[in-house]
Amino acid sequence: MPDYLNMISSLGIAGAHPGGLQLTKQFLTEINLPFPCRILDAGCGTGQTLSYLAGLGYEAAGMDADQRMVRKAKNRLSDDSVSIVHGSLELMPFESGTFDAVFCESVLSFTNLKSSLNECHRILTDGGVLAAVEVTLEQPADPVSFKEITGFYGFQALQTEDEWIKQFEISGFKNIRSMTGKDFSFDEEDPDHDVDMDDKIEPATFEVLSRHQEMLQKYVHCLGYRVFLANK
């Protein structure tokens, strides 16, 4: 596991994706899902989004590739009616056509994109919605910078907006829409991050957190994000 992902898991940072839960709430409104419906939070982390969806009454389920995150999500959602399983996006433990929507919040970039998108497409119902919040390359990066970014974060995919859209199309998605952070509004006085730290945190974990903050500053003009919405 890349040091960055291990840091997120060790500190149990909820809403680590750009925009956090505030963004999730807004793109959920944009999707306008029918009610009731089944939603998978693929890469559910500590279960913040999952808890929000369950609270709204959706039939929500979570999955994460990190056993620590599965445990922390289960701790947050003590209600046994919310299923949370261990699994990877490249080979999800669900029958085809199980979910009406799949949420991937800063997850796909860390996976084998072709396999993950094919799996998202497979487990969706016909017409189902994939909502993905993913990092984008906003301007060309020289080879040294590209290697530094992908190496630190462990990205298997670091793409432009157009390259992302092409990948969705190759996997069979249609009606693909893309939105930037400017399409949403955020209340800076209402931070929605919380943490659920491991009992023991190695000092190196905070060094990785500090490096992450340095990387954000260093590549502020190079990295961005998009919210992608697409239908099966």
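Helices (H or I, at least four residues) and strands (E, at least two) are DSSP runs, numbered from the N terminus. The model is predicted: local features need pLDDT of at least 70, side-chain atom pairs count only at pLDDT 80 or more, and totals for chains, interfaces and linings use all residues. Residues are numbered from 1 along each chain as its sequence is written, and side-chain values use heavy atoms, with hydrogens and water left out.

Met197 lies in the loop between strand S6 (174–179) and helix H8 (203–218). Its relative accessible area is 42%, so Met197 is partly exposed (buried means under 20%, exposed over 50%, partly exposed in between; 1.4 Å probe, protein chains only). Together with Val195 and Phe206, Met197 forms a nonpolar surface patch. The accessible area of these residues together is about 280 Å². Nonpolar side chains (Val, Leu, Ile, Met, Phe, Trp, Tyr) are joined within 5 Å, like charges within 9 Å.

Helix H5 spans residues 113–123. Its buried residues are Leu113, Ser116, Leu117, Glu119, Cys120, His121 and Ile123. They pack against strands S1 (38–42), S4 (99–105) and S5 (124–137), and against helix H7 (161–170). Contact here means heavy atoms within 4.5 Å.

The disulfide count is zero, with a disulfide taken as a pair of cysteine sulfur atoms within 2.5 Å. For Cys37, the nearest cysteine sulfur is that of Cys104, 15 Å away. Cys37 is buried, at 4% relative accessible area. For Cys44, the nearest cysteine sulfur is also that of Cys104, 11 Å away. Cys44 is buried, at 6%.

Terms used
Patches are made of residues with over 30% relative accessible area and no salt bridge: like charges are joined within 9 Å, nonpolar side chains (Val, Leu, Ile, Met, Phe, Trp, Tyr) within 5 Å. Accessible areas come from the Shrake-Rupley method with a 1.4 Å probe; for residues, only the protein chains shown count as cover. A salt bridge is a side-chain nitrogen of Lys or Arg within 4 Å of a carboxyl oxygen of Asp or Glu.
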